[in-house]
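Here is a short briefing to read alongside the model. Please keep the sequence and the 3D view open as you go.

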Amino acid sequence: IRITGYHYFYLNFCPIMLLTKEAIKKAEEEGIEPKKELDFPRFIDGDFTYFHIVEECERKGLHLPLLKARGKGFSYKNAAMAARDYYLIKGSRSIFLAYEKEYLIVDGVLTKCWEYLDFIDANTAWTKRREVKNTPLHKRASYRNVGEDFERGYKSEIIGVSIKDNTDKARGKRTTT
């Protein structure tokens, strides 16, 4: 069996909040509501299928419309894909759109992206400096040396765009995949 690069990255470099069997058992013993814990994702069939469909769509140059129930971890999965591209594809650009900014940065997909970037910077040798663009809605892997007017670095980036006041804000924006 083969897993995709996105799925491998998600499983190995992207801790998520999840209910573990241990937390459920402890909660049942104490008669309380179980609490989610930070841990690495488990291998589940739905994720396996999702990442394979994403890979096939990318290979064919197609978009992937998706309807799903809330609370299925897709913010984590999509944040992991953006983080993977950020670290492994020089000059990549990932863009997330939402009606309101809060859906991006208040426990939204960008919050999860930034947590992954921090985790990966702290726990791997892939650290990327974010000196030129490092805002709540835009991070770019680049820096400037003292006395230079140009950016250096990997220049991959992740951008969040709120289209609440102007749906044309998304017009002309391109991603790398």
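**A surface leucine, the core and the charged pairs**

Leu64 is partly exposed, its relative accessible area being 34%. Please keep in mind that this is a predicted model.

**Nonpolar patch on the surface**

- Leu64 sits in the loop that lies between α3 (45–60) and α4 (74–88).
- Together with Ile53 and Leu66, Leu64 forms a nonpolar patch on the surface.
- The accessible area of Ile53, Leu64 and Leu66 together is about 230 Å².

**Largest nonpolar core**

- There are 31 residues in the largest nonpolar core, and those touching the most other members are Tyr10, Cys14, Phe96, Cys113, Tyr116, Leu117 and Ile158.
- At least two residues of this core come from each of α1 (5–13), β1 (16–18), α3, α4, β3 (93–98) and α6 (109–123).
- With 9 residues, α4 gives the most to this core.
- Which residues does Cys14 touch, not counting those up to four places away in sequence? They are Phe9, Phe40, Pro41, Ala80 and Tyr116.

**Salt bridges**

- How many salt bridges does the structure hold? The number is 13.
- Asp107 pairs with Lys112 in a salt bridge whose closest N and O atoms are 2.9 Å apart.
- Are the two partners, Asp107 and Lys112, buried or exposed? Asp107 counts as exposed because its relative accessibility is 61%, whereas Lys112 counts as buried at 6%.
- Arg42 forms a salt bridge with Asp39, and here the closest N and O atoms are 3.0 Å apart.
- Arg42 counts as partly exposed at 41% relative accessibility, and Asp39 also counts as partly exposed, at 27%.
- Arg129 and Glu131 form a salt bridge, with 2.9 Å between the closest N and O atoms.
- Arg129 is partly exposed at 41% relative accessibility, and Glu131 is partly exposed at 48%.

Technical notes. Residues are numbered from 1 along each chain as its sequence is written. This is a predicted model: local features need pLDDT of at least 70, side-chain atom pairs count only at pLDDT 80 or more; totals for chains, interfaces and linings use all residues. Side-chain values use heavy atoms; hydrogens and water are left out. A salt bridge is a side-chain nitrogen of Lys or Arg within 4 Å of a carboxyl oxygen of Asp or Glu. Buried means under 20% relative accessible area, exposed over 50%, partly exposed in between (1.4 Å probe, protein chains only). Patches are made of residues with over 30% relative accessible area and no salt bridge: like charges are joined within 9 Å, nonpolar side chains (Val, Leu, Ile, Met, Phe, Trp, Tyr) within 5 Å. Accessible areas come from the Shrake-Rupley method with a 1.4 Å probe; for residues, only the protein chains shown count as cover. Helices (H or I, at least four residues) and strands (E, at least two) are DSSP runs, numbered from the N terminus. A nonpolar core is a set of buried Ala, Val, Leu, Ile, Met, Phe, Trp, Tyr and Cys residues joined through side-chain atoms within 4.5 Å. Contact means heavy atoms within 4.5 Å.
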